[in-house]
Amino acid sequence: MLPVERREKLLALLQERKSASTEELASALDVSVMTVRRDLEFFQREGQVQRCHGGAVLTQRSVHEAPYDQKMTASTEQKKTLAKLAAQMIEPDMTVYLDAGTTTFLLAEELAQFERLTIITNDLKIALRLLSSSVDVVVLGGKVQKRTGSMIGCSTLEQMSSLRASIAFVGAASIDEHFATLTPTQDKVSLKRAIRNIAQKTYLLADASKFHSSALYFVDHLSDYDGVITDAIFTESEQRLLGKKTRLITP
């Protein structure tokens, strides 16, 4: 078993059990206790688990609004993979809504190659990226959240309500253990919920790092979307919790 495969299985076990002893993990993976300890040390450095006497517990991270540049450097390759997957769903002459975020920014880079497309966004960096492309761009007005380069507030919502999109891609700051999506910014709650009202189809873009974390405000549930584009790996119990209503689209 390759180290990356072993670590994925170890994390899946912790996600299912929430906590486990080093001996239990070694037995389940058929590896030595020393190997498990090294893997747990790796995950502890990543902030995904908390070591305790004789084992480990899964960490529920609390997410705060991070600066755009910081978010852009996190899980970049995974986000690029998801962006390419989402771009395959786009056809010429569509109107596409892109939520503010770094994964949607990478999707915008993919869509910049299209000839006939209209893109609506509340992300200033996405709009600036598309200036040199052939696509038409509609930027929502409102108050600028400087840390993320996104437009928020009542004016943004009002303008959005008069628009319609063929398809929308929404980002997530956090997804908890019950598969609720959350955000650290209250103004984004109404905004993200409203996106589903203006689009014929709405998809959530979320790399694996967004799962098993928490933020202050509840937005919606994964099952509220037409599909979830993710590279996350789910245990059997998590798949049962997700249910048949949640359509997963994976690389």
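R6 has a relative accessibility of 12% and therefore counts as buried, where buried means under 20% relative accessible area, exposed over 50% and partly exposed in between (1.4 Å probe, protein chains only). The structure is a predicted model, in which local features need pLDDT of at least 70 and side-chain atom pairs count only at pLDDT 80 or more, while totals for chains, interfaces and linings use all residues. Residues are numbered from 1 along each chain as its sequence is written, and side-chain values use heavy atoms, with hydrogens and water left out.

R6 lies in helix α1; helices (H or I, at least four residues) and strands (E, at least two) are DSSP runs, numbered from the N terminus. With neighbours within four places in sequence set aside, the contacts of R6 are M1, L29, V31, T35 and D39, contact being defined as heavy atoms within 4.5 Å.

Helix α1 (residues 3-17) meets helix α2 (residues 22-29), their axes coming within 11 Å and crossing at roughly 125°. Axes are lines fitted to C-alpha atoms, for helices over the stretch in contact, and angles run from 0 to 180 degrees between N-to-C directions. The angle makes α1 oblique to α2; angles under 35 degrees count as roughly parallel, over 145 as roughly antiparallel, 65 to 115 as roughly perpendicular and the rest as oblique. From α1 the contact involves R6, K9, L10, L13 and R17, and from α2 it involves E24, L25, A28 and L29. These residues comprise 5 nonpolar, no polar and 4 charged, with Ala, Val, Leu, Ile, Met, Phe, Trp, Tyr, Cys and Pro taken as nonpolar, Asp, Glu, Lys and Arg as charged, and the others, Gly among them, as polar.

The axes of α1 and helix α3 (residues 33-45) also come within 11 Å, with a crossing of roughly 75°. That angle makes α1 roughly perpendicular to α3. On the α1 side the contact is formed by R6, R7, L10, L11 and L14, and on the α3 side by T35, V36, D39, L40, F42 and F43. The contact of α1 with α3 contains 7 nonpolar, 1 polar and 3 charged residues.

In helix α5, the buried residues are K79, L82, A83, L85, A86 and A87.

S133 is located in the loop between α7 (124-129) and β7 (136-139). At 17% relative accessibility, S133 also counts as buried. Between S133 and Q113 the C-alpha to C-alpha distance is 7.1 Å, although the two are 20 residues apart in sequence.
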